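Trainee: Please pick one part of this model and go through it closely. I would like to follow the side chains and what they meet.

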Amino acid sequence: MTIRRGLPAWLRSLIPLGTALLLMVLLPFLFFAALFWAAEGSWDFEGRSGLRYWVFVKGSRLDRLGLVAPVQDPPPKYSVSLQEGTFPGWKVLAYQSTATPRAIIAAYAERCQALGLRVTKRTEPADDDDSIASLVCEIEPYLDAEFRAERKPPATTTEVGLRVWGSD
């Protein structure tokens, strides 16, 4: 008399079924993920929602720097270029704000310091002119976060541009 050890027959028949179901669910996701990552170049998209925002921006240094008094329309525009070889990659954000260039650069200078970044260059307009301001914060040697804010008269909004170098 032999004693069989192992899984019961009904459970052994569920293993291939479970494997087939798992593959049916995972294969489409894996296929699209491979297509998504295999494409070359940069990724350009609008808005603070969607898969591209979630994959490339959410939780990154650019996301932590945030927006300063953004307008709702048009939505923020992102461009992401991935790291390749010795190119560190970058994330670029362009949006419009109701704040003045001076206030935007001051807010980003505070946020840089809060994130532990060192302010290396700050250009502010003269007292009577509030049209263009810029800021550069060092992430690490040769990797910077660059900010530019410009309000062209008679516009009531400021055009803001950020470029964060590096893969984070």
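Mentor: A polar contact is a pair of N or O atoms within 3.5 Å; within protein, one must be able to donate a hydrogen and the other to accept it, and residues adjacent in sequence count only if both atoms are side-chain atoms. The model is predicted, so local features need pLDDT of at least 70 and side-chain atom pairs pLDDT 80 or more, while totals for chains, interfaces and linings use all residues. Numbering runs from 1 along each chain as its sequence is written, and side-chain values use heavy atoms, with hydrogens and water left out.

Start with Glu150. Glu150 belongs to strand 6, residues 143-150 (strands, E, at least two residues, and helices, H or I, at least four, are DSSP runs numbered from the N terminus). Its side chain makes a polar contact of 2.9 Å with the side chain of Arg148. Glu150 has a relative accessible area of 18% and is therefore buried (buried is under 20%, exposed over 50%, partly exposed in between, with a 1.4 Å probe and protein chains only). What surrounds Glu150, once its neighbours within four places in sequence are set aside? Glu150 is then in contact (heavy atoms within 4.5 Å) with Pro101, Ser131, Ile132, Thr158 and Glu159.

Now the salt bridges (a side-chain nitrogen of Lys or Arg within 4 Å of a carboxyl oxygen of Asp or Glu). The count by this rule is 6. One of them joins Arg102 and Glu124, with 3.1 Å from N to O. This pair links distant parts of the chain, 22 residues apart: Arg102 sits in helix 4 (residues 101-114), and Glu124 in the loop between strand 4 (118-123) and strand 5 (132-140). Arg102, at 25% relative accessible area, is partly exposed, and Glu124, at 33%, is partly exposed as well.

Glu124 also forms a salt bridge with Arg122, where the closest N and O atoms are 2.7 Å apart. Arg122 has a relative accessibility of 40% and so counts as partly exposed. Through shared partners, salt bridges join Arg102, Arg122 and Glu124 into one network.

Another salt bridge pairs Arg118 with Glu138, the closest N and O atoms being 2.8 Å apart. Because Arg118 lies in strand 4 and Glu138 in strand 5, this pair ties together parts that are 20 residues apart in sequence. Glu138 is partly exposed, with 22% relative accessible area.
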